[in-house]
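Student: I would like to learn how to read some features of a protein model. Could you take me through them step by step?

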Amino acid sequence: MRSQQLGNWQTTVLGILLGLLVIVGLNAFIIINPGQAAVISILGKARDGALLEGIHLKPPFISVIDVYDLTVQKFEVPAESSTKDLQNLSARFAINFRLDASQVVQVRRKQGTLENIVSKIIAPQTQEAFKIAAARRTVEEAITKRSELKEDFDNALGDRLDKYGIIVLDTSVVDLTFSPEFARAVEEKQIAEQRAQRAVYVAREAEQEAQAEINRAKGKAEAQRLLAETLKAQGGQLVLQKEAIEAWKTGGAQMPKVLIMGDKSQSSVPFIFNLGNLPSQQ
């Protein structure tokens, strides 16, 4: 009986030891997936050197692992500023960034979580970068030179976030709004420009029409001049006779409304009058 109890006790102890070994073994290593980096803290102190993808050993029970995502993150951040001409300008930026793997330990020590990075670092630095970019130009230039505004903003934001271990990959201006007063001024200016363009178009159209009238008058005068020269030249009488025959043909079998009269002289000009204009006899 005593030997049986001793055997059961040894089995229980052995089972407990095996269980402890399994627990210790599971807490003695960590697997870091691709696109991640981890910071190991032993007894509350962060150890230098980030843990990159793969399997890593760690002291069980006395260490804490903080895992950070190194893939591209995107957050929208609002910003407001005044332009060079003291106009209010509001914007909303979409910031694409990722953490620098070589500075993850410093990020853990100074900023902590990703939420803290966005609220305490990226948001205020976005505001400051936008102030720098907007103050260099007027509100009208912010509209017409939007790409230059974005370029200045990107440079200012990249320089400010680089020292925090944050790499800015790209930014996008989601929205850019102005004060209501400036919006009305822009609308009125556009309307005035459209009216001015319309007035220029009407003036050019009138000028072209006047030039066309001049050209038609010149052409008519030239035609009359050529006709006069033709009639004065030899054979001009034949031209008039041809016109008379054409007028007679137009009347058909009826009495022509146009009567051409002339004498026998070849040099005389026939007299043409419209019979339809004669008063009818009752």
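Student: Is Phe-61 buried or exposed?

Tutor: A residue is called buried under 20% relative accessible area, exposed over 50%, and partly exposed in between, with a 1.4 Å probe and protein chains only. Phe-61 is exposed, because its relative accessible area is 62%. Before we go on, note that this is a predicted model, in which local features need pLDDT of at least 70 and side-chain atom pairs count only at pLDDT 80 or more, while totals for chains, interfaces and linings use all residues. Residues are numbered from 1 along each chain as its sequence is written, and side-chain values use heavy atoms, leaving out hydrogens and water.

Student: Where does Phe-61 lie?

Tutor: Helices (H or I, at least four residues) and strands (E, at least two) are DSSP runs, numbered from the N terminus. Phe-61 lies in the loop between β4 and β5 (63-69), and although Phe-61 is not a glycine, its phi is positive, at about 70°. Leu-43 also is not a glycine and has a positive phi, of about 55°; Leu-43 sits in the loop between β2 (36-42) and β3 (45-46), and counts as exposed because its relative accessibility is 69%.

Student: How many aromatic pairs does a search of the whole structure find?

Tutor: Rings of Phe, Tyr and Trp (its six-membered ring) pair if their centres lie within 6.5 Å, and planes under 30 degrees apart count as stacked, over 60 as edge-to-face and the rest as tilted. The search finds three such pairs. One of them is the stacked pair of Phe-75 and Phe-97, with 6.0 Å centre to centre and 25° between the planes; this pair links distant parts of the chain, since Phe-75 is in strand β6 (residues 73-82) and Phe-97 in strand β7 (residues 88-99), 22 residues apart. Phe-75 counts as partly exposed because its relative accessibility is 29%, whereas Phe-97, at 0%, counts as buried.

Student: What can be said about the pair of Phe-93 and Phe-153?

Tutor: Phe-93 and Phe-153 are stacked, at 3.9 Å centre to centre with 10° between the planes. This pair again links distant parts of the chain, with Phe-93 in strand β7 and Phe-153 in helix α5 (residues 146-162), 60 residues apart. Both Phe-93 and Phe-153 are buried, and ring pairs join Phe-93, Phe-130 and Phe-153 into a cluster.
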